[in-house]
Amino acid sequence: MVLRPRRLSLAGLALATAAAGLTLLPASAEAAPTGHLPTAAHAPALAAAPDIDVTRVQAHLTELNAIATRNGGNRRSTGQGYRDSVAYVKGKLQAAGYTVTEQPCTSGCTSGAGPNLIAEWPRGDASKVYMFGAHLDGVSAGPGINDNGSGSATLLEVALKLAETGPSMAARVRFGWWTDEEQGLNGSEFYVRSLTSAQRSAIKAYYNFDMVASPNGGYFINHITSAAAAPMKAYWDSLNLQPEENTEGAGRSDDYSFENYGIPTSGYAMGASARKTSAQAAKWGGTAGTAYDRCYHSACDTTSNINATGLNRSADGVAYTLWKQAVSDTAPANDFSVSVNPGTGSTDPGSSLTTTVATATTSGSAQTVNLSASGAPAGVTVSFSPASVTSGASSTATVSVGSSVPPGTYPLTITGTGTATRSASYTLTVKGAGSCTPSQVISNGGFESGTSPWTGSTSAIGTFSGQSAHSGSRYAWLAGYGYAATDSIGQTVTVPAGCAQATLRYWLHIDTAESGTTVYDTFQVKVNGTVKQTYSNADAATGYTERTLDLGQYAGQQITLTFTATEDSGLQTSFVVDDATLTTG
């Protein structure tokens with residue numbers, strides 16, 4: 001939670017009276033014993049909401065603490081600790097099937113701040129979105145495990161549980177892990193500001209979780225009497241926790257960014273530096289006259305600073321709220337999707353090429369999917385290994401081109417048949433023997449179209465104070481931190497067969513605070529992990545220099561091209577890349 005207090009917006013005040021006439025769930029007769037960790041099954045309604053295993057949430061906290069330890073003891077938004085936190089959360093979500101986006105904060109954030117991380121569960125009505133968020137950054141003074149690893153880890157485990165159970169969705173669920181909150185709510189403000197009015201209107205409520213495991217904590221809800229807060233309050237009422245309004249946190253966390261644009265908000269919190277009253281200690285236990293979190297913004301905010309009972313109650317309440325707001329009461333029908341990567345291929349007659357056919361279970365249970373291809377011209381055959389898969393698995397498709405197939409472009413359809421029929425397109429280009437169609441195969445080489453399809457340290461892509469583009473307005477600024485760090489971006493491309501030349505061209509600007517010709521910081525171009533070019537701080541110069549690399553040896557192959565900058569622990573060296581192309585001819 002950001003230290004600087006903010007005024008409560010008019011929109012936020014209006015929320016406090018929005019729930020007139022709303023019927024809440026009845027409270028249980030007595031509070032749960034201190035040693036018992038209640039589950040969502042104790043709530044009187046919506047029994048389908050799952051229990052969130054608090055030990056899994058704590059495992060995420062352990063990893064965030066380890067990340068901080070490896071990176072100077074903190075996870076501040078401008079440091080490698082934050083970037084590593086983003087990578088950890090992103091990896092878990094991608095493996096679970098989420099649509100995950102790193103959003104660079106290109107204005108309003110602290111210089112060098114890492115990206116927001118946005119994850120959407122790709123099911124449910126996209127016109128009705130419920131959003132759950134927590135800031136992932138911490139302060140410089142410590143690892144930030146309660147503030148706000150607790151909120152971040154809680155949302156991560158709830159998101160994973162949603163993917164694991166795969167219920168039928170009545171609405172879309174989106175999660176946000178925010179950058180630069182501790183410096184002024186900057187990441188979340190940038191996100192909401194970047195949305196169109198229609199996109200903001202689609203968000204029916206935003207739920208924020210900031211410090212949900214304070215060791216001497218209370219049970220606080222943002223805008224506790226609002227319609228948005230109703231399911232959150234209902235769950236804690238069912239445990240007889242008698243929650244109170246979160247007055248300490250008003251205007252001090254990322255829900256405020258959403259309030260300012262008229263989006264209904266709520267959320268859980270367990271308190272920061274304010275002191276617990278005698279009445280609260282009598283109701284919730286703990287020590288009166290002592291801060292809810294004595295390690296707030298301090299080095300002692302580690303995994304030892306976590307209230308497991310409060311963390312579990314918060315996590316189960318988040319799951320209860322998500323299921324109440326976004327999950328359908330009807331059982332999902334079994335369904336799946338089919339995709340092809342790469343979606344195009346080019347080869348000469350008498351040869352073959354391969355592509356990966358991936359399937360995914362989009363609702364219900366996994367099923368057997370039989371694969372087939374159509375649209376192939378005479379002399380072209382498509383075989384699959386294996387020919388049938390269980391949805392969620394992949395197959396290799398081999399496209400064999402006979403020696404008499406005439407040159408041309410042929411659209412093929414890859415079809416999966418199960419309880420439904422789903423398909424994906426593949427475009428085959430057949431060349432004449434030894435022919436070459438000049439082409440340029442790098443996508444978004446000038447970085448003007450966001451970050452896709454680049455992968456890796458994509459938060460380095462954007463527009464930043466201190467550097468300028470070779471053309472357009474965006475570029476990739478790798479390294480330049482002044483401490484030990486590595487940035488790497490890459491994309492996978494197919495170099496067409498039959499061409500005599502394949503040349504990588506890119507513009508590189510190097511500036512450094514190092515002196516002399518000793519190599520301290522390096523920039524490398526890699527193909528499939530093998531270093532092909534290296535430049536260093538010793539190559540620093542004013543302005544951009546065009547660099548070229550012959551890749552003719554990779555004709556007819558799919559390759560992964562990577563730009564990697566590695567900086568030592570001393571003075572900064574910035575490697576700025578723009579306008580990358582890979583042309584054949």
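## Largest pocket

The largest pocket has a volume of about 500 Å³. A pocket here is an open set of points on a 1 Å grid over the protein atoms alone, with protein on both sides within 12 Å along at least five of seven lines. Its volume is the space filled by probe spheres set on the points, with grid points joined across faces, edges and corners. The lining of this largest pocket counts 21 residues, and Pro 342, Thr 344, Val 441, Val 493 and Thr 494 are the closest to its centre. A lining residue has an atom within 4 Å of a point.

Four strands each supply at least two lining residues: S10, S17, S18 (439-440) and S22 (485-494). Strand S22 gives the most, with four residues. Strands (E, at least two residues) and helices (H or I, at least four) are DSSP runs, numbered from the N terminus.

## Basis of the model

This is a predicted model; local features need pLDDT of at least 70, side-chain atom pairs count only at pLDDT 80 or more, and totals for chains, interfaces and linings use all residues. Residues are numbered from 1 along each chain as its sequence is written, and side-chain values use heavy atoms, with hydrogens and water left out.

## Annotated domain

UniProt, in an unreviewed entry, places the feature "domain: Peptidase M28" at residues 116-321. Such annotations may be inferred rather than shown by experiment; their positions follow the numbering used here, and feature names are shortened. Over residues 116-321 the chain is 34% helix and 17% strand. The end C-alpha atoms of that stretch are 23 Å apart.

## Helix H4

Helix H4 spans residues 145-165 and is mostly covered. Of its 21 residues, 19 are buried. Buried means under 20% relative accessible area, exposed over 50%, and partly exposed in between (1.4 Å probe, protein chains only). Just after H4, Gly 166 takes a positive phi of about 55 degrees.

## Five-stranded sheet

Five strands form an open sheet with mixed pairing, in the order S10-S17-S16-S12-S14. Strands S10 (344-347) and S14 (388-390) stand at the edges, each with a single partner strand, so one side of each is left without a neighbour in the sheet. Neighbouring strands of this sheet are turned by 30 degrees against each other on average, direction ignored.

Two strands pair if DSSP finds at least two bridges between them. S16 (residues 408-417) and S17 (residues 421-430) pair in the antiparallel sense over 10 bridges. Gly 416 stands opposite Arg 422 in S17. S12 and S16 also run antiparallel, joined by five bridges. Ser 374 stands opposite Thr 413 in S16. S12 (residues 368-374) pairs with S14 in the antiparallel sense over three bridges, and Val 369 faces Val 389 in S14.

## Disulfides

The count comes to two disulfides, each a pair of cysteine sulfur atoms within 2.5 Å. One joins Cys 105 to Cys 109, with an S to S distance of 2.0 Å. This link of Cys 105 and Cys 109 is right-handed, at 85 degrees about the S-S bond. Cys 105 and Cys 109 are both buried.

Cys 295 and Cys 300 form a disulfide with sulfur atoms 2.1 Å apart. The link of Cys 295 and Cys 300 is left-handed, at -115 degrees about the S-S bond. Cys 295 is buried, with a relative accessible area of 1%. Cys 300 counts as partly exposed, because its relative accessibility is 32%.

Technical notes:
Axes are lines fitted to C-alpha atoms, for helices over the stretch in contact, and angles run from 0 to 180 degrees between N-to-C directions. On a 1 Å grid over the protein atoms alone, a cavity is a set of points where a 1.4 Å probe fits but cannot get out, and a pocket is an open set with protein on both sides within 12 Å along at least five of seven lines; lining residues have an atom within 4 Å of a point.
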